[in-house]
Amino acid sequence: MNIITLTLVHTIISIVAITAGLVVVGGLIAGVRIDGWTGIFLVTTALTSITGFFFPFSQLSPSQWIGIISLVVLPFVIAARYWKDLRGVWRGIYVVGTVLTLYLNFFVLMVQLFRRIPALLVAAPKQTEPPFVLSQLLVLALFAWLGVAAFRRFRPQVVVTAKQASVPAAAMSR
């Protein structure tokens with residue numbers, strides 16, 4: 001696979017993973033499990049991390065280290081969801097792991113945006129400048145808040161199908 005095709009495939013998978021992750025975390029905050037979206041999120045998040053290693057490299061990049069962390073966390077999330085049925089401490093492992101892996105994907109997205117969008121590249125060419133640091137701190141704070149809200153509100157007994165998750169709440173109550 002050439003580098004252009006690899007980049008396109010990796011980017012599409014990453015966008016799907018982030019989108020599905022936002023839906024799943026939104027469900028956690030709403031106190032429900034959205035099973036179809038969860039499967040999509042877990043598979044595409046794993047694929048995002050794995051395909052990141054297909055790019056040529058001479059040493060591990062920070063994004064690949066993040067991919068390694070994600071690949072270490074994902075088996076715990078999968079075990080919590082599919083083998084331990086979110087019982088006991090596994091509910092918390094699932095929630096924290098889900099939010100963490102989504103955050104890691106989003107962190108890499110922000111890095112890539114600062115590398116690829118000309119205005120952001122000019123604002124933070126070394127990614128140590130205040131605009132980059134501040135935006136990463138804001139994203140971290142947002143995900144910490146999302147994680148706390150999800151941990152407090154999620155109840156695994158309430159299940160919503162993917163179809164129900166995509167229908168506005170008013171239409172579901174009819």
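Helices, in this report, are DSSP runs of at least four residues, numbered from the N terminus. With that numbering, the loop between H3 and H4 can be named, and Leu86 is placed in this loop. The structure is a predicted model, and the account below begins with its confidence before turning to individual features.

**Confidence**

The chain has an average pLDDT of 92, and 92% of its residues score at least 70. Confidence is highest in helix H6 (residues 130-153), with a mean of 97, and lowest in helix H8 (residues 169-172), with a mean of 50.

**Helix H6 and its surroundings**

Helix H6 consists of 24 residues. From its first C-alpha to its last it reaches 34 Å, close to the 34 Å expected at 1.5 Å a residue. The buried residues of H6 include Phe132, Val139, Phe143 and Leu146, and also Ser135 and Gln136. Gly147, Ala149 and Ala150 are buried in H6 as well. An α-helix has 3.6 residues a turn, so residues three or four places apart point the same way. Among the elements that cover the buried residues of H6 are H1 and helix H4 (89-116).

**A nonpolar patch on the surface**

Helix H1 (residues 3-30) also contributes to a surface feature: it supplies 3 residues, the largest share of a nonpolar patch. The patch is formed by Leu8, Ile12, Val16 and Ile40, which together have about 340 Å² of accessible area. Leu8 is found in helix H1. Its relative accessible area is 51%, and Leu8 counts as exposed because the cut-off for that class is over 50%.

**Salt bridges**

Side chains of opposite charge can pair when their charged atoms come close. The count of salt bridges in this model is 3, and they are set out below.

| Salt bridge | Distance between closest N and O atoms |
|---|---|
| Arg33 and Asp35 | 2.8 Å |
| Arg81 and Asp35 | 3.1 Å |
| Asp85 and Arg87 | 2.9 Å |

Arg33, Asp35 and Arg81 are linked in a network of salt bridges. Asp35, at 24%, counts as partly exposed.

Asp85 is partly exposed at 44% relative accessibility, while Arg87 is exposed at 52%.

**Two residues with positive phi**

Most residues other than glycine have a negative phi. Leu86 is not a glycine, yet it has a positive phi of about 60°. As stated at the outset, Leu86 belongs to the loop between H3 and H4. Is Leu86 buried or exposed? Leu86 is buried, because its relative accessible area is 3% and the cut-off for burial is under 20%.

The other residue is Gln127, whose phi is positive and near 60° although Gln127 is a residue other than glycine. Gln127 is located in the loop between helix H5 (118-123) and H6. With a relative accessible area of 15%, Gln127 is also buried.

Notes:
Residues numbered from 1 in each chain as written. Predicted model: local features only at pLDDT ≥ 70, side-chain atom pairs only at ≥ 80, totals over all residues. Heavy atoms only, no water. pLDDT = per-residue confidence, 0-100. Patch = residues over 30% accessible without salt bridge, like charges linked within 9 Å, V, L, I, M, F, W, Y side chains within 5 Å. Areas by Shrake-Rupley, 256 points an atom, 1.4 Å probe, with all protein chains shown as cover. Salt bridge = Lys/Arg side-chain N within 4 Å of Asp/Glu carboxyl O. Buried < 20%, exposed > 50% of the residue type's maximum accessible area, 1.4 Å probe, protein only. Expected span 1.5 Å × (residues − 1). Contact = heavy atoms within 4.5 Å.
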